[in-house]
Amino acid sequence: MEAIQWKGTSLYLLDQTKLPVEEVWLKFSDYRAVAGAIAAMVVRGAPAIGVSAAYGYCLAAMEYHSLSPAAFQSNMALAKGVLAASRPTAVNLFWALERMERCLSAHGNSPDAVPALIAQARAIHAEDVEMNHAIGAHGAAVVPEHARVLTHCNAGSLATGGYGTVLGVIRSAFAQGKVDMVYADETRPLLQGARLTAYELVRDGIPATLIADNMAAFLMARGKIDMVILGCDRMAANGDFANKIGTYSVAVNAHHHGIPFYTALPSSTIDLSIPDGGGIPIEERPGSEITHVFGVQTAPLEVGTYNPAFDVTPHTLLTGIVTEKGVVYPPFQENLAKLFG
């Protein structure tokens, strides 16, 4: 399954706000619309956001390439800012844009600038898929036989360039006959677990059970969960990490019940410039996402709301970090620096 395609001179995104009821592909020829799609979560998941932003940067270059060198550079800086402002937490967004900007610096507004940028965006896309397969291979090794796995939100093909980080691990382990059941938290308020993770698992024929977020601890207490593995949108140098809201609760419950707790991520999601989780910016989204469920009002309009999209889980609750270079164990700060510093 893939959610991002570049065809000719346009970007195509599978509209994840319509899943699982409809599979609708949207065509983009304007970087501003790409930024809007990222903000509206038409495309979501840290790696997929980075890939989409890289292609959006190509669209900007195509629009401005005919301008004078000075005007071209200033407008490309503007375009980078528009794309960067679309989601503040996912570090892959900024990583991809900085890589694209370095490519642009090497070519200026020469005739080969746009082809070079498109090639760079395609490389970012392909490398992400390659990293996901490596993550899957490394992560499958830590999955026990007959595993009953709990995950939260969606870190599958839809959240990446393809194959997935967490679902890459689950797919690889399932192919080895090691997965008996995957329990997917529904993931309030936008239900990425219900709409997207369950959708991917069912399509792949992997045994899946959907639960409400507040059921996870009960299943752990009943001995129905053997391990937890979920994604990451930004990891600090010490291993603290931001992921979809509700992750911290899952981590605390897993720790209490003595259940191994892993996160899976590519190196592009690690931000060694941030010492710990306190420096990770947390996106706050509109209150209407929790007063309404897909347009249906479920709360008084007068009630106050607080809607952080992510929370931060301290590294002390982590068993290990699955990356494309292997599984990282404590001490995380030292071992992350060795692998990725």
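## Overall architecture

Of the 341 residues in the chain, 56% count as buried, where buried means under 20% relative accessible area, exposed means over 50%, and partly exposed lies in between (1.4 Å probe, protein chains only). The structure is a predicted model, in which local features need pLDDT of at least 70 and side-chain atom pairs count only at pLDDT 80 or more, while totals for chains, interfaces and linings use all residues. Residues are numbered from 1 along each chain as its sequence is written, and side-chain values use heavy atoms, with hydrogens and water left out.

The secondary structure amounts to 11 helices and 15 strands; helices (H or I, at least four residues) and strands (E, at least two) are DSSP runs numbered from the N terminus. The chain has a radius of gyration of 20 Å, close to the 20 Å that the globule rule gives for 341 residues, so it is as compact as a globular protein of that length. This radius is taken over C-alpha atoms, and the globule rule is 2.2 Å times the number of residues to the power 0.38. Along the principal axes, the C-alpha atoms fill a box of roughly 65 × 50 × 40 Å. Among contacts in the chain with a separation of 6 or more, 75% are accounted for by residues 24 or more positions apart; contact means heavy atoms within 4.5 Å.

## Surface and charge

The chain carries 23 positive and 31 negative side chains, and the centres of the two sets are 3 Å apart. Lys and Arg count as positive and Asp and Glu as negative, whereas His and the chain ends are not counted. The place of a charge is taken as NZ of Lys, CZ of Arg, CG of Asp or CD of Glu.

## Nonpolar cores

In soluble globular proteins, nonpolar side chains tend to be buried together. A nonpolar core is here a set of buried Ala, Val, Leu, Ile, Met, Phe, Trp, Tyr and Cys residues joined through side-chain atoms within 4.5 Å. The largest such core has 43 residues, and those with the most contacts inside it are Ile 4, Leu 11, Leu 13, Tyr 57, Met 76, Met 100 and Leu 117. At least two residues of this core come from each of strand 1 (4-7), strand 2 (10-14), helix 1 (31-39), helix 2 (46-64), helix 3 (69-84), helix 4 (91-107) and helix 5 (113-140). Helix 2 gives the most, with 13 residues.

Not counting residues up to four places away in sequence, Leu 13 touches Ala 3, Ile 4, Val 24, Trp 25, Leu 26, Phe 28, Ala 37, Val 42, Val 43 and Ser 52. A second, separate core has 26 residues, including Leu 150, Phe 241, Ile 270 and Leu 317.

## Backbone geometry

Most residues other than glycine have a negative phi, and most peptide bonds are trans. The peptide bond from Leu 19 to Pro 20 is cis, with omega near 5°, and Pro 20 lies in the loop between strand 2 and strand 3 (25-28). Another cis peptide bond joins Arg 188 and Pro 189, with omega about 5°.

Pro 189 is found in the loop between strand 5 (179-185) and helix 7 (192-204), and Leu 191 also lies in the loop between strand 5 and helix 7. Leu 191 is not a glycine, yet has a positive phi of about 60°; at 15% relative accessibility, Leu 191 counts as buried. Tyr 163, in the loop between strand 4 and helix 6, likewise has a positive phi, near 80°.

Gly 161 is placed in the loop between strand 4 (147-151) and helix 6 (166-175) and, at 5% relative accessibility, counts as buried. Apart from neighbours within four places in sequence, Gly 161 is in contact with His 125, Asp 128, Val 129 and Asn 132. Leu 219 belongs to helix 8 (residues 216-221) and is buried at 10% relative accessibility. With the same exclusion of neighbours within four places in sequence, Leu 219 is in contact with Tyr 183, Ile 211, Lys 224 and Ile 225.

Tyr 329 occupies the loop between strand 15 (326-328) and helix 11 (332-340) and, at 37% relative accessibility, counts as partly exposed. Beyond neighbours within four places in sequence, Tyr 329 is in contact with Val 142, Tyr 262, Thr 319, Gly 320 and Asn 335.
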